[in-house]
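This report is an introduction for a reader who has not seen the model before. Please look over the sequence and the structure first.

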Amino acid sequence: MLKIVKASAGSGKTYTLVKEYLRLALQQPQTYFKHILAITFTNKAANEMKSRVLEKLDALSELSSKEKHLIDFLCSELHLSPSELKIRCQSMLQAMLHH
């Protein structure tokens, strides 16, 4: 699947990329993240996206109320309960940090 996000500066491209990355990767949290390619135009943007993925996973693994919108989106898209989403996020975060 190829998805292109094209928008002007400050319009939420990184948020959209992180949301889509998490939606795909959380389908199989132990391994699938290794098979997703997200491309940005600068190293700064790539580092920002990487850092946001880890931040969101950390917040989601605690079911932070700050991430309610993202929790609702992911639970709906992946057909998961919040507790199952929490477990998958914890598993994926651990796998990403240790591999």
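## Basis of the report

This is a predicted model, in which local features need pLDDT of at least 70, side-chain atom pairs count only at pLDDT 80 or more, and totals for chains, interfaces and linings use all residues. Residues are numbered from 1 along each chain as its sequence is written, and side-chain values use heavy atoms, with hydrogens and water left out.

Helices are DSSP runs (H or I, at least four residues), numbered from the N terminus. Contact means heavy atoms within 4.5 Å.

## Helix 1 against helix 3

Helix 1 covers residues 13-25 and helix 3 covers residues 68-78; their axes are 10 Å apart and the angle is about 40°. Axes here are lines fitted to C-alpha atoms, for helices over the stretch in contact, and angles run from 0 to 180 degrees between N-to-C directions. The two helices are therefore oblique to each other. Oblique is what remains after roughly parallel (under 35 degrees), roughly antiparallel (over 145) and roughly perpendicular (65 to 115).

On the helix 1 side the contact is made by Tyr15, Lys19, Glu20, Leu22 and Arg23, and on the helix 3 side by His69, Leu70, Phe73, Leu74, Glu77 and Leu78. By class, six residues of this contact are nonpolar, one is polar and four are charged. Nonpolar covers Ala, Val, Leu, Ile, Met, Phe, Trp, Tyr, Cys and Pro; charged covers Asp, Glu, Lys and Arg; the others, Gly among them, are polar.

## Helix 1 against helix 2

Helix 1 and helix 2 cross at roughly 55°, and their axes come within 10 Å. This pair is therefore oblique as well, and the crossing is right-handed. Helix 1 brings Thr14, Tyr15, Leu17, Val18, Tyr21 and Leu22 to the contact, where they meet Glu48, Met49, Arg52, Val53, Lys56, Leu57 and Leu60 of helix 2. Nine of the contact residues are nonpolar, one is polar and three are charged.

## The nonpolar core

The largest nonpolar core has 24 residues, and those with the most contacts inside it are Leu22, Leu26, Leu57, Leu74, Leu85 and Met92. Such a core is a set of buried Ala, Val, Leu, Ile, Met, Phe, Trp, Tyr and Cys residues joined through side-chain atoms within 4.5 Å. Two or more residues come from each of helix 1, helix 2 (43-60), helix 3 and helix 4 (82-98). Helix 3 gives the largest share, six residues.

Leucine 74 touches Lys19, Leu22, Arg23, Leu26, Leu60, His79 and Leu85, leaving out residues up to four places away in sequence. Lysine 19, in helix 1, is buried at a relative accessible area of 18%. Buried means under 20%, exposed over 50% and partly exposed in between (1.4 Å probe, protein chains only).

Serine 51 lies in helix 2 and is partly exposed at 28%. Serine 51 is 33 residues from valine 18 in sequence, and their C-alpha atoms are 9.8 Å apart.

## Two positive phi values

Most residues other than glycine have a negative phi. Leucine 63 has phi near 50°; this residue lies in the loop between helix 2 and helix 3 and is partly exposed at 30%. Histidine 79 has a positive phi of about 55°. Histidine 79 sits in the loop between helix 3 and helix 4 and is exposed at 73%.

Definitions and conventions. A crossing is left-handed if the near helix is turned anticlockwise from the far one by less than a right angle, and right-handed if clockwise.
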